[in-house]
Amino acid sequence: MKVGYRGKLILLCCFLTFLALAVSLPGNTASFFADLELNLEKQIGRSSYESICTQMKVVDLPEAEMERLNDIFNRLVKACSRRKELQFKLTVVEEDSVNAFALPAGYIFVHTGLLSYVQSDGELAGVLAHEIAHVDRKHGMSALKRQLGMALLLQILLKDASEQITKIGNIAVNLTQLGYGREAEYEADRYGVYFMERAGYSRTEFLSFWNRLVEESGGGENPAILQLFSTHPPTSERIKRIKALPLTPTQ
Ligand SMILES: [Zn+2]
């Protein structure tokens, strides 16, 4: 986003006003910084989304098929806690491997390889819910903060340097590809199962997806399948933990 001199001046005035408010009303300080961070997440998410759209081939599925996917997706989004502050978006990309990934601010990508691999809506819902959970729990932003430091991120936001945002967007893409670490993955499984069950799907389907993947990836002969494992903790441990989760209360 390019902002001219006048825009920057307005932004600076807004910032100073907010800062004055934040200082005079300590109770509001937390929400002030939360707003700032949310704004930053949206800019980084948008930028990394655009970067992926130039790197990968975005697929336009037939209208009815896309509607069906969005229907599953929206049911899951409705079950997550950040549904009101973010606009979640699902994008399909041409890629044979069985995979999906999430960028900050709710941009979720699925590979065509995943769509042809899943055997039911519930299996797909399980994978999508896991990705939505990464966004809901802010794993992308936490990874960026660890990598760059929050002070630097905020400084960039206040300068409104679009070039810097693009750079950070690219870092966010790389972090997604590296995975968010073992604990974040377990947390995404936990919340993902909760979201899918609230949306009316069963974890049994997610588990059958995993069991099939484990069986078929056998001796690691299928690189298309292996990609999904490479950034995540051991699958046997994930399956065990998912089975042990308490059942989501029905509303
Ligand atoms: Zn994950």
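Q: Two strands pair here if DSSP finds at least two bridges between them; what counts as a helix or a strand?

A: Both are DSSP runs numbered from the N terminus, with helices being H or I over at least four residues and strands being E over at least two. The model is predicted, with local features needing pLDDT of at least 70 and side-chain atom pairs counting only at pLDDT 80 or more, while totals for chains, interfaces and linings use all residues. Residues are numbered from 1 along each chain as its sequence is written.

Q: OK, how many helices and strands does the chain have?

A: The chain has 12 helices and 3 strands.

Q: In which sense does β1 pair with β3?

A: Strand β1, residues 89–93, pairs with β3 in the parallel sense over 5 bridges. H111 in β3 is the bridge partner of V93, and T91 stands opposite F109 in β3.

Q: What about β2 and β3, in which sense do they pair?

A: Strand β2, residues 100–103, pairs with β3 in the antiparallel sense over 4 bridges, with F101 opposite F109. The hairpin of β2 and β3 has 3 residues between the strands, and A105 there takes a positive phi near 75°.

Q: How many residues of β3 are buried?

A: Strand β3, residues 107–111, is mostly covered, with 5 of its 5 residues buried. Y107, F109 and H111 point one way from the strand, whereas I108 and V110 point the other way, and all are buried.

Q: Switching to helices, at what angle do the axes of α6 and α7 cross?

A: The axes of α6 (residues 139–148) and α7 (residues 150–159) cross at roughly 100° and come within 7 Å, which makes the two helices roughly perpendicular, a label that covers 65 to 115 degrees (under 35 is roughly parallel, over 145 roughly antiparallel and the rest oblique). The axes are lines fitted to C-alpha atoms over the stretch in contact, with angles running from 0 to 180 degrees between N-to-C directions.

Q: Which residues meet there?

A: L144, K145 and L148 in α6 meet M150, L152 and L153 in α7, a contact being two C-beta atoms, placed from the backbone, that lie within 7 Å. Just after α6, G149 takes a positive phi of about 90°.

Q: And which residues of α6 are buried?

A: They are H139, G140, M141, A143 and L144.

Q: Last topic, G126: where is its place, and is it buried or exposed?

A: G126 is in helix α5, residues 121–136, and it is buried because 28 other C-beta atoms lie within 10 Å.

Q: What does G126 touch, leaving out residues up to four places away in sequence?

A: With those left out, G126 touches G192, M196, E205, F206 and F209. The C-alpha atoms of G126 and T204 are separated by 9.4 Å, although the two residues are 78 residues apart along the chain.

Key: A residue is buried if 20 or more other C-beta atoms lie within 10 Å of its own, exposed if 12 or fewer, and partly exposed in between; C-beta atoms are placed from the backbone. Two strands pair if DSSP finds at least two bridges between them.
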